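Dear colleague,

I am passing on the structure below, followed by my notes on what was found in it.

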Amino acid sequence: MKKRPIGIALAALCLAAAGMFALWQASRPEAAEGEKSVTVQVVHSGGDQAEFTYRSDGETLGPLLEEEGLISGTEGPYGLFVDTVDGETADYDADGSWWRLTCDGEDAQTGVDEVILTDGSVYVWTYSR
């Protein structure tokens, strides 16, 4: 009979997890239809910066930046792992460097392939170590 409390606890945990997942799905921004104008800034390893403005009717950031030739990387189980931005490559295995992406001042919560394009947004790639 001691199995009943464990079963109830597991059921409650599963319900809580399902509720949190549903809340997360509902709070995700939706891609707006139509053309959007976005700014992409790049902060290179030496501190020099570049800025690009793109217009797109796409839904996510990754495909836009790949088409424009601004980013490249390797496809992995979680989408595109960006190792090169604006011609500069970061190699985590060699020196611990990587590219950090922020969206309107906040760290990206998804991979670049899933970052929703929002008109007027500013996306920043920063070479980090």
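Which residue is the bridge partner of Thr-84 in β5? The partner is Thr-89, and the notes below begin with that part of the fold.

Before that, a word on conventions: this is a predicted model, in which local features need pLDDT of at least 70 and side-chain atom pairs count only at pLDDT 80 or more, while totals for chains, interfaces and linings use all residues. Residues are numbered from 1 along each chain as its sequence is written, and side-chain values use heavy atoms, with hydrogens and water left out.

Sheets

Helices (H or I, at least four residues) and strands (E, at least two) are DSSP runs numbered from the N terminus, and two strands pair if DSSP finds at least two bridges between them. Strand β4 (residues 79-85) runs antiparallel to β5 and is joined to it by two bridges, within an open sheet of three strands whose order is β3-β4-β5 and whose pairing is antiparallel. Because β3 (71-76) and β5 each have a single partner strand, they stand at the edges, and one side of each is left without a neighbour in the sheet.

The other open sheet described here has five strands in the order β2-β1-β8-β6-β7, with mixed pairing; its edge strands, β2 (49-56) and β7 (106-107), each pair on one side only. Strand β1 (residues 36-43) pairs with β2 in the antiparallel sense over eight bridges, and Val-43 has Gln-49 as its bridge partner in β2.

Glu-88, found in strand β5 (residues 88-89), is buried (under 20% relative accessible area, against over 50% for exposed and partly exposed in between, with a 1.4 Å probe and protein chains only). Beyond its neighbours within four places in sequence, Glu-88 is in contact (heavy atoms within 4.5 Å) with residues including Asp-83, Trp-99 and Tyr-127.

Aromatic pairs

Two aromatic pairs were found in the whole structure, where rings of Phe, Tyr and Trp (its six-membered ring) pair if their centres lie within 6.5 Å, planes under 30 degrees apart counting as stacked, over 60 as edge-to-face and the rest as tilted. The rings of Phe-52 and Tyr-54 are stacked, with centres 6.3 Å apart and planes at 10°. Trp-99 and Tyr-127 form an edge-to-face pair, 5.4 Å centre to centre with 85° between the planes, and both of these residues are buried.

Salt bridges

Taking a salt bridge as a side-chain nitrogen of Lys or Arg within 4 Å of a carboxyl oxygen of Asp or Glu, the count comes to three. Arg-55 bridges to Glu-35 at 3.0 Å, Asp-95 to Arg-129 at 3.8 Å, and Arg-100 to Asp-107 at 2.7 Å. Arg-129 is exposed at 67% relative accessibility, whereas Asp-95 is partly exposed at 35%.
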